[in-house]
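Please keep the sequence and the 3D view at hand while reading.

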Amino acid sequence: MKHFLYRILCAAAFFILIPVAFTFLFQRNGDNPLQKAEFLEQDQTTEALFDEDILPGIIANEISMDTELEAMKAQAVIARTNCLRAVEQGEELPEGLTRGEMIRLWGQENFTEYYNRLEESISSTKGVTMVYQGDYIRADFHKSSAGYTRDAAELYGNEDFPYLKSVDSRRDLSSVDFLKVVFYTPKQFVEKGKELFSEETKNAVEEITAEQLLSQIVVTKRDTAGYVAEVTIDGTVRSGEELRLIYDWNSSAFSLKEVEGEIRVVTKGFGHGLGVSLYGADQLAAGGYAYKDILKYFYNGIEFVTQYD
């Protein structure tokens with residue numbers, strides 16, 4: 001009976017002392033999980049929620065791998081800034097490619113070289129972000145401009161993004177994407193943009209001529225960079241960006257003209273035209289610009305902040 005009671009007491013002591021011992025060890029090593037959880041809950045900074053390992057896939061999804069290294073560094077800062085801004089505002093992170101997608105895109109023989117360039121652009125700009133008056137900027141970029149980048153105040157009608165000003169980017173004129181010409185029959189034009197037109201126009205689409213249709217489409221406002229800000233269609237005001245997205249045009253810097261019974265659409269540039277022109281950035285890098293100089297050229301009044309080492 002004594003041995004039986006002794007074994008019970010030993011077992012009870014074991015179960016009581018083990019948690020105490022673990023608590024003592026964690027406290028000595030500074031790794032008490034309860035204290036750690038409490039710390040994270042109280043000090044969940046934006047930077048703590050961001051992992052630089054996602055940057056290669058994001059950058060790979062945004063630029064060509066034959067981009068000049070300084071322009072690639074600039075894109076690394078853009079991607080990092082946009083990620084931290086998204087985390088801070090509770091938004092989705094920019095989309096990125098997986099390693100498998102990179103291999104399929106570049107080929108196995110190019111993967112190591114290209115991935116090393118991505119890692120170099122990230123490591124050499126580690127922690128560098130762009131802020132305006134202490135806040136992360138919305139680091140917009142596009143493939144190439146129409147010769148000048150756009151002023152966000154003209155596009156949105158407010159001063160929410162004062163760092164997105166129009167700048168000279170006439171280097172883009174040599175881009176293969178600078179100019180694109182597309183032709184539509186009147187029927188094709190109305191059917192593709194059917195939500196833009198009245199029922200009367202849609203019902204008469206078989207008989208209407210290109211000249212008659214264009215008489216109902218009037219560009220009423222362009223911004224200083226040459227992009228269409230407003231266009232009136234069948235008496236209704238639309239934005240140039242709305243037409244760009246509906247028709248899948250390269251940009252909203254477009255012009256319309258009747259040519260031999262068809263509607264000719266000419267676009268300049270590729271993308272929305274705000275912020276950095278990727279082609280222009282690459283040209284600046286080729287001309288000797290460092291990545292910070294490139295970013296300061298396209299983003300007005302920004303400052304660089306290194307968030308972590």
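Two strands count as paired if DSSP finds at least two bridges between them. Helices (H or I, at least four residues) and strands (E, at least two) are DSSP runs, numbered from the N terminus. The model is predicted: local features need pLDDT of at least 70 and side-chain atom pairs count only at pLDDT 80 or more, while totals for chains, interfaces and linings use all residues. Residues are numbered from 1 along each chain as its sequence is written, and side-chain values use heavy atoms, with hydrogens and water left out.

The protein chain has 13 helices and 11 strands. Of its 309 residues, 42% count as buried, where buried means under 20% relative accessible area, exposed over 50%, and partly exposed in between (1.4 Å probe, protein chains only). Contact means heavy atoms within 4.5 Å. Among contacts between residues at least 6 apart in sequence, 67% join residues at least 24 apart.

**An open sheet**

Three strands, in the order β4-β9-β8, form an open sheet with antiparallel pairing. Its edge strands are β4 (179-184) and β8 (254-259), each pairing on one side only. Strand β9 covers residues 262-268 and is joined to β8 by six bridges. Within this pairing, S255 stands opposite V266 of β9.

**Nonpolar cores**

A nonpolar core is a set of buried Ala, Val, Leu, Ile, Met, Phe, Trp, Tyr and Cys residues joined through side-chain atoms within 4.5 Å. Which members of the largest core touch the most other members? They are I59, L118, M130, V276, L295 and Y299, out of 46 residues. The elements that each supply at least two residues of this core include α3 (55-62), α6 (108-123), β1 (128-132) and α13 (291-298). Helix α4 gives the most, with nine residues. Apart from this core lies another, of 21 residues, among them V190, I217, V228 and W249.

Leaving aside residues up to four places away in sequence, Y299 touches several residues, including I78, M130, Y163, L164 and V276.

N82 lies in helix α4. This residue counts as buried because its relative accessibility is 16%. Beyond residues up to four places away in sequence, N82 touches P94, I137, R138, A139 and F141.

In α12, the buried residues are L278, G280, A281, D282, L284 and A285. Their cover includes α3, α4, β3 (141-142), β10 (276-277) and α13. After α12 comes G288, which has a positive phi, near 105 degrees.

**Aromatic rings**

Rings of Phe, Tyr and Trp (its six-membered ring) pair if their centres lie within 6.5 Å; planes under 30 degrees apart count as stacked, over 60 as edge-to-face and the rest as tilted. The structure holds 15 aromatic pairs. One of them, Y184 with Y247, is edge-to-face, at 5.8 Å centre to centre and 70 degrees between the planes. Y184 lies in strand β4 and Y247 in helix α11 (residues 240-247), so the pair ties together parts 63 residues apart in sequence. Both Y184 and Y247 are buried.

A charge sits over a ring if NZ of Lys or CZ of Arg is within 6 Å of the ring centre and within 35 degrees of the ring normal. Two such cases are listed here.

| Charged residue | Ring | Distance from ring centre |
|---|---|---|
| K143 | F270 | 5.0 Å |
| R171 | Y297 | 6.0 Å |
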